[in-house]
Amino acid sequence: MKALVKHAEEVGLRLEDVPEPTIGINDVLIRVERTGICGTDLHIWDWNGWAKETVVTPLVIGHEFAGRIVAVGSNVNDFLPGDRVSGEGHVVCGRCRHCLAGRRHLCANAQGVGVQRPGAFAELIAIPMTNVWKHADDVDPEVAAIFDPFGNAVHTALSTEVLGEDILITGAGPIGCMAAAVVRHAGARFVVVSEPNAYRRALAERMGATLVIDPTERDLHDVQKELGMVEGFDVGLEMSGNAAALHAMVDTMAHGGRIAMLGIPETEIAIDWHEVVFNMLTIRGIYGREMYETWYQMTVMLQSGLDVRPVITHRFPWDEFERAFEVAGSGESGKVLLEWDTTLG
Ligand code: NAD
Ligand code: ZN
């Protein structure tokens, strides 16, 4: 089958013929229809320091996908060939304390699809049945392909109460943009998005942010005055990994404010702990999605009117992957999809 493969010590990916994956008794084989390009895939393309430490090559990469089941292992009863599915990108051990207690998102032995095991930028992918999510019939097929990053947005946004709250989102990448739509849908009052990139500010506006600002031009204290906010932000969703963004967030939170950190900083960030202590802030790290409460929440929010489709700005056939990666890394895009040719098999 055709697949995008990472080879060590070089920039980029190679399009190659690789053997089709085989399935064990508990696995499901899926024909991939659409995949999303994630920041992680861009890091693997660039072969940065994190990628060098984490990825064992050669490896088929990619983890955001939707497709149809073509075969199931002999132990698999609840999935059938033809089912429209996506895969949870973290394969957990099932045996640690957290897995046994049903807190699988806290598994300390999780393996990343397309990072530590073969991924989805291929015609076929095999994953354990415990990682398969069957989509409701009314879920848009393109949105189905981005349930992984959509799930990051939902997990972060709903990690604390947002109904009636004033929210600051720093970073309007695909995930920050989806988070803006999610918290509006969940009843937030003001949703302020801070983002230096003009293309992405426009996207955040389309996704329903109340006010979008360029942090290099506007101070968040001014914004709070303009909106008539008396206290600071109740909730902060950090989705940039940028130090200045985190500093501005800590500085503009209300007493008792809750910060959820999804953004991955490249280096350590010093923060003013006086502000954290005396303003009684909570800072919580968020990783991945909750299995499978987040997946359920995504589905029911879509069914109750949430629309994240505007975040998908570009689509390319799989063999134009080089152009797709270029656009995904340009900053002039939201989510970029690769469409796989399902007529080949
Ligand atoms: P992205 O890189 O596309 O978006 C980040 C955005 O932050 C960019 O648009 C950038 O212009 C903006 N930004 C840069 N400096 C800023 C500043 N000072 N203030 C405000 N915004 C600023 O990333 P994404 O795919 O949307 O993901 C968001 C973040 O979440 C990234 O840091 C990513 O690495 C991380 N992430 C974490 C997890 C997890 O499980 N914790 C999963 C996926 C992604
Ligand atoms: Zn575990």
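Is Asp-166 buried or exposed, and what is its relative accessible area?

A: Asp-166 is buried in this predicted model, with a relative accessible area of 5%. Buried here means under 20%, exposed over 50%, and partly exposed in between, using a 1.4 Å probe and protein chains only. Residues are numbered from 1 along each chain as its sequence is written, while chains are lettered from A and ligands numbered from 1 in the order written. Local features need pLDDT of at least 70, side-chain atom pairs count only at pLDDT 80 or more, and totals for chains, interfaces and linings use all residues, with side-chain values based on heavy atoms and hydrogens and water left out.

Now to the partner. Asp-166 forms a salt bridge with Arg-189, with 2.8 Å between the closest N and O atoms; a salt bridge is a side-chain nitrogen of Lys or Arg within 4 Å of a carboxyl oxygen of Asp or Glu. The pair joins distant parts of the chain, 23 residues apart: Asp-166 sits in the loop between helix H5 (147–157) and E11, and Arg-189 in the loop between helix H6 (174–185) and E12. Helices (H or I, at least four residues) and strands (E, at least two) are DSSP runs, numbered from the N terminus.

Let us follow E11 and E12 onward. Strand E11 (167–170) and strand E12 (191–194) are among the elements that the buried residues of H8 pack against, as are strand E13 (211–213), strand E14 (233–238) and helix H9 (243–251); contact means heavy atoms within 4.5 Å. In helix H8 (residues 220–227), those buried residues are Leu-220, Val-223, Gln-224 and Leu-227. They line one face of the helix, because down its axis they fall within an arc of 100°, taken from the directions from the helix axis to the C-beta atoms. After H8 comes Gly-228, with a positive phi near 75°.

Arg-201 and Asp-214 pair through their side chains at 3.5 Å, N to O. Arg-201 belongs to helix H7 (residues 198–206) and Asp-214 to the loop between E13 and H8, so the pair ties together parts 13 residues apart in sequence. Both Arg-201 and Asp-214 are buried.

For context, the whole structure holds 15 salt bridges.
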